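Please look over the chain as a whole before turning to any single residue. The paragraphs below go from overall packing to one local site.

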Amino acid sequence: MRPGPASGGTWKNARVPTCLILLAPSANHVYAGQAPALSAAEIALTCPGVQDVRQTTVAGIDYLELDVDELSEPRLEALSRASASLACFAREGDLLRPVALPATDLVDDDLVTIPKYQGKTNEQFTRLLVNVTLSALRSSPAARRDSGERLSVLDPMCGRGTTLTTCWLAGHNGFGVEDDTRAVEAMAAHLSTWLRRKRLKHTARTSKVRREGRAIGQRFDAELRLPGAEPLTIGVFTGDTRDSASLWGRRTFDAIVTDAPYGVVHGSHTGSGKDRSPAALLAEALPVWAGQLRRGGALGLSWNTHGLAREDLLAMFVKAGLEPLDGAEWSRFSHRVDSSIQRDLAVAVKA
Ligand SMILES: C[S@@+](CC[C@H](N)C(=O)[O-])C[C@H]1O[C@@H](n2cnc3c(N)ncnc32)[C@H](O)[C@@H]1O
């Protein structure tokens with residue numbers, strides 16, 4: 001669980017020269033080794049008014065260190081939402097004074113952590129990808145959250161739904177497409193069981209999808225009703241991501257967030273077997289996804305750079321009518337997953 005609500009302590013809104021973030025452990029030791037650098041890059045993009053985030057060690061423990069003029073509520077919220085934040089301290093000489101981070105998750109994070117399966121996207125990385133993508137929205141996610149509005153996020157290759165359940169944690173609605181029917185069934189089973197076990201008010205159902213009288217697949221829909229708040233929804237179609245626009249009809253999304261097939265365990269499915277590179281699939285899918293994105297919306301994609309170079313992917317974004325974000329601050333996320341996967345992420349906006 002994330003830290004509890006701020007107690008209105010001494011440091012809220014007070015001037016603090018340096019702030020230290022203790023990072024949460026990651027179950028994956030390869031990812032854990034790279035989490036400080038990745039999280040520093042994430043906080044620099046997502047935390048208002050913070051650019052310089054450094055790695056530091058105090059008494060043998062690693063922290064991220066950042067200078068802030070004040071620990072305002074929006075800043076503390078952004079730090080709490082960061083994918084690997086565990087605790088926050090204000091540094092006073094040799095002493096660290098704890099600063100309570102506000103509780104920002106809308107539901108328990110075991111929704112995301114319980115499922116374990118081959119091909120699952122790392123949970124911390126998924127949170128990072130969602131955060132970094134939403135930071136590129138032209139309308140501030142925080143302002144829209146404050147007005148009670150839910151953002152809509154599409155993962156058009158959603159697997160068993162790590163992105164979608166991560167969206168629920170952050171208070172967004174998640175929508176998906178996945179061509180592996182068994183993956184969608186496993187997600188539906190987990191979500192339905194979790195909602196029942198937590199005794200939350202909800203609906204969850206799977207239905208057949210028909211077009212012109214013919215069954216073409218399934219659709220899973222879940223709605224979670226939280227007291228005094230807009231409901232949270234998840235909706236997923238089974239089907240090919242290149243048909244995402246016809247499956248979702250006129251519906252458009254604030255953001256598209258997806259972890260592309262790595263060409264190792266999960267190849268890209270293009271009809272001619274499994275491809276090692278996602279290039280052929282992305283060339284066809286990106287224009288479809290771009291059409292599903294609202295103006296001012298953002299698309300964030302992670303992929304294996306062994307199968308597709310960054311500059312080639314950015315060129316594909318441009319061809320699809322999207323504006324890639326290519327400053328140095330967007331190019332600090334490449335990291336090793338294993339000997340055959342070097343993962344990176346790229347973000348583009350629909351102007
Ligand atoms: C890296 S996995 C995503 C895993 C997901 N984030 C999770 O944690 O479960 C990529 C997914 O893309 C799906 N996929 C590959 N080609 C597809 C296509 N043409 N249409 C829809 N889904 C596809 C695969 O079945 C796989 O589930």
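Of the 351 residues in the protein chain, buried ones make up 52%, where buried means under 20% relative accessible area, exposed over 50% and partly exposed in between, with a 1.4 Å probe and protein chains only. This is a predicted model, in which local features need pLDDT of at least 70 and side-chain atom pairs count only at pLDDT 80 or more, while totals for chains, interfaces and linings use all residues. Residues are numbered from 1 along each chain as its sequence is written, and side-chain values use heavy atoms, with hydrogens and water left out.

The protein chain has ten helices and 17 strands, assigned as DSSP runs (H or I of at least four residues for helices, E of at least two for strands) and numbered from the N terminus. Its C-alpha trace spans about 70 × 45 × 35 Å along the principal axes. The radius of gyration of the protein chain, 20 Å, agrees with the value near 20 Å for a compact globule of 351 residues, a rule that takes 2.2 Å times the number of residues to the power 0.38, with the radius computed over C-alpha atoms. Among contacts (heavy atoms within 4.5 Å) between residues at least 6 apart in sequence, 69% join residues at least 24 apart.

As a local example, His190 lies in helix H7, which covers residues 181-197. Is His190 buried or exposed? With a relative accessible area of 17%, His190 is buried. Apart from neighbours within four places in sequence, His190 is in contact with Asp110, Leu111, Ile114 and Pro115.
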